[in-house]
Amino acid sequence: MESINNETETLAEEIRQVLAEQPHVESLLNAFGPLLLEKSRWLAEVRNYKKTFPVDAIQYEGGISLMQQCQLFLPEDLWKSAGLAVAQGLSQGFSHLAEDIKGLSEQIAEGRFDCFSLIHSTVESDDEQLTSLAEGLGVEPALLQVFLRFLARFMLTKRAQDMAAELAPLAWKKGYCPVCGSFPQLAIIRDKGHRWLQCSDCSHEWQFPRLTCPYCDHEDPENTNYVFVEGKKEDTAFICSKCRRYLVTANRSETLRQTHPDVIAISLAHLDLILQGKGFMPMSECEWNTFKAGPG
Ligand SMILES: [Zn+2]
Ligand SMILES: [Zn+2]
């Protein structure tokens, strides 16, 4: 990996630490850890390519996300480097597919695979289109789907980082993400007991009342609940009896240690299993909480 930076180093160390402490998430972290590292490396590489967008404060404070206000994906964005970084992460996490992914990388590098036009198409949600496109590229449809999801995440995370300072002074009261509109995959309880929701797609975080359900806005201290796993008081889940959704939650109010949110979310996969077993659904479905087979 070229241009290793401090953040990527720290993230690599966190992944090693979780692997040592929680061997039950080894397969998930081995699969998705390389993608997290590639994302971190790519974000550092493109740090100087900054783009901001005008935000209508009134619309925003009324719950209209940035994604609904403007076109966040532009043809001049760094699609090629993002696509190559996603392919690199996938080939390390899914080494049995390395040959297919190598072919994909070559097509991206040669400009035969246009990441921007694909991200704009309906291909990801249209099975037939996905299958025929994947065939043409020489990869499995499931691999192409995961590739496109991570490509969108890389780009959205870049947007969220570039826009963080503009959004900070504005008020956001919704349970979905102010940048991209997705629901959170994780909540972190920080200083003063405040709850910070973590977006599953763009990694943006925003504060939200602790007893309100981010998914359906239901607010009833008697019905809403936090469930614990025996012996680990830092790892909990918020469950909503009304919409039957849950949100894995890490209590970090007593520590200064800042672990990468995606690493925390993956390390809580045992809670996902327990809660889905009880009939609850995650607020946002990710590769690490749906327990579907990986790409191929
Ligand atoms: Zn988001
Ligand atoms: Zn709810």
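**Overall form**

With 296 residues, a compact globule would have a radius of gyration near 19 Å, and the protein chain agrees, because its own value is 19 Å; this radius is taken over C-alpha atoms, and the globule rule is 2.2 Å times the number of residues to the power 0.38. This is a predicted model, in which local features need pLDDT of at least 70 and side-chain atom pairs count only at pLDDT 80 or more, while totals for chains, interfaces and linings use all residues. Residues are numbered from 1 along each chain as its sequence is written, chains are lettered from A and ligands numbered from 1 in the order in which they are written, and side-chain values use heavy atoms, with hydrogens and water left out.

Along the principal axes, the C-alpha atoms fill a box of roughly 55 × 45 × 40 Å. Buried residues (under 20% relative accessible area, with a 1.4 Å probe and protein chains only) make up 50% of the 296 residues.

**Helices and strands**

The protein chain has 11 helices and seven strands, which are DSSP runs numbered from the N terminus, helices (H or I) having at least four residues and strands (E) at least two.

Strand 4 (residues 225-229) pairs with strand 5 (residues 232-239) in the antiparallel sense over five bridges, where pairing requires that DSSP finds at least two bridges between two strands. In this pair, Val 227 stands opposite Ala 237. Strand 5 also pairs in the antiparallel sense with strand 6 (residues 245-251), over five bridges, and there Thr 236 stands opposite Thr 249. The hairpin of strand 5 and strand 6 has five residues between the strands, and Arg 244 takes a positive phi near 60 degrees in this hairpin.
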